[in-house]
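Subject: Structure handover

Hello,

Here is the structure to look through. My notes on it follow below.

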Amino acid sequence: MAEIRIRNTNERIQGDANVSEFLNNQNVIYEKWDMAKLPAQLKEKFTLTDDEKAEILSTYDAEIRDLAARRGYQTWDVITLSDATPNLDELLKKFEDVHTHTEDEIRAIVGGRGIFIIKGSDDVGYFDVELEPGDIISVPENVAHFFTLMDNRQIVAIRLFIEKDGWIAYPYADPTFQKA
């Protein structure tokens, strides 16, 4: 279950209904997928072959196609990051710059944990959305954010794209942003 931390107040929001309501008020889509569908041999596996990635996509094909039909996604893939990922620290530094995109950024978490840091409305400011398997989140286009790993440094996620070349990040200079 996702959990939110509002950075200005350190307030925590828990529970699917509360998280969903908060994110909806910030125009962020939040949904859940049934993780029981994932084959046992793929649970908690963070180094995947192309065939295993294809199996994940096949397992969630109906959910992916439903999202694609509702939101206009044209292509999707599976990303996996862990300490086995070459140059992980360099990659994470690139991820951890606040930026925007001209399309929404969506992740369906299949394994591990990750976190989106999102710039909310003026009365909220930046907030963290801690995600775990089954959580699906879509950050709207042109909203300042970044995604990174939690302390476990492991994630498997399905990403969906409108543009066939994927997202292009546009740096967002914000003097009010402070890394936690």
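Where in the chain is the place of Asn10? Asn10 sits in the loop between strand 1 and strand 2. Please keep in mind that this is a predicted model.

Asn10 has a positive phi of about 65°, although it is not a glycine. Most residues other than glycine have a negative phi. Glu44 is another entry under this heading: its phi is positive, about 60°, and it is not a glycine either. Glu44 belongs to the loop between strand 3 and helix 2. With a relative accessible area of 56%, Glu44 is exposed, because the cut-off for exposed is over 50%.

The chain as a whole

The chain has 4 helices and 12 strands. Its radius of gyration is 16 Å, close to the 16 Å that the globule rule gives for 180 residues, so the chain is as compact as a globular protein of that length. Taken along the principal axes, the C-alpha atoms fill a box of roughly 45 × 35 × 30 Å.

Of the 180 residues, 52% count as buried. The chain exposes about 9200 Å², and carbon and sulfur atoms supply 46% of that area. Among contacts with a separation of 6 or more, 73% are between residues 24 or more positions apart. As for charge, there are 20 positive and 34 negative side chains. The centres of these two sets lie 2 Å apart.

Helix 1

Helix 1 covers residues 16-25, and its buried residues are Val19, Phe22 and Leu23. Seen down the axis of helix 1, these buried residues fall within an arc of 95°, so they line one face of the helix. On the other side of helix 1, Ala17, Asn24 and Asn25 are exposed.

What covers the buried residues of helix 1? The cover includes strand 1 (3-6), strand 2 (12-13), strand 3, strand 8 (126-131) and strand 9. Helix 1 is followed by Asn27, which has a positive phi near 65°.

Helix 3

Helix 3 runs over residues 61-71, where Glu63, Ile64, Leu67 and Ala68 are buried. These four cover an arc of only 135° around the axis, which puts them on the same side of helix 3. The face turned away from that buried side carries the exposed residues Ala62 and Ala69.

Just after helix 3 comes Gly72, with a positive phi of about 85°.

Tyr73

Tyr73 lies in the loop between helix 3 and strand 4. Is Tyr73 buried or exposed? Its relative accessible area is 4%, so Tyr73 is buried, the cut-off for buried being under 20%. Leaving aside neighbours within four places in sequence, Tyr73 is in contact with Leu67, Ala68, Asp104, Ile106, Ser138, Leu160, Phe161 and Ile162. Two of these, Leu67 and Ala68, are also among the buried residues of helix 3.

Tyr73 and Glu44 are 29 residues apart in sequence, and their C-alpha atoms are 27 Å apart in space.

Thr148 is found in strand 10, which spans residues 145-149. Thr148 has a relative accessible area of 7%, so it is buried. Apart from neighbours within four places in sequence, Thr148 is in contact with Leu92, Glu96, Gly114, Ile115 and Ile117.

Thr176 is in the segment after strand 12 (170-171). At 57% relative accessibility, Thr176 counts as exposed. Which residues is Thr176 in contact with, leaving aside its neighbours within four places in sequence? They are Lys119 and Tyr126. Thr176 and Gly125 are 51 residues apart in sequence, while their C-alpha atoms are 9.0 Å apart in space.

In helix 3, find Ala62 and Ala69 on the face turned away from the buried side.

Regards

Methods. Residues numbered from 1 in each chain as written. Predicted model: local features only at pLDDT ≥ 70, side-chain atom pairs only at ≥ 80, totals over all residues. Heavy atoms only, no water. Helix = DSSP H or I, 4+ residues; strand = E, 2+ residues; numbered from the N terminus. Rg over C-alpha atoms; globule rule 2.2 N^0.38 Å. Buried < 20%, exposed > 50% of the residue type's maximum accessible area, 1.4 Å probe, protein only. Contact = heavy atoms within 4.5 Å. Areas by Shrake-Rupley, 256 points an atom, 1.4 Å probe, with all protein chains shown as cover. Lys, Arg positive; Asp, Glu negative; His and termini not counted. Charge placed at Lys NZ, Arg CZ, Asp CG, Glu CD. Arc of directions from axis to C-beta.
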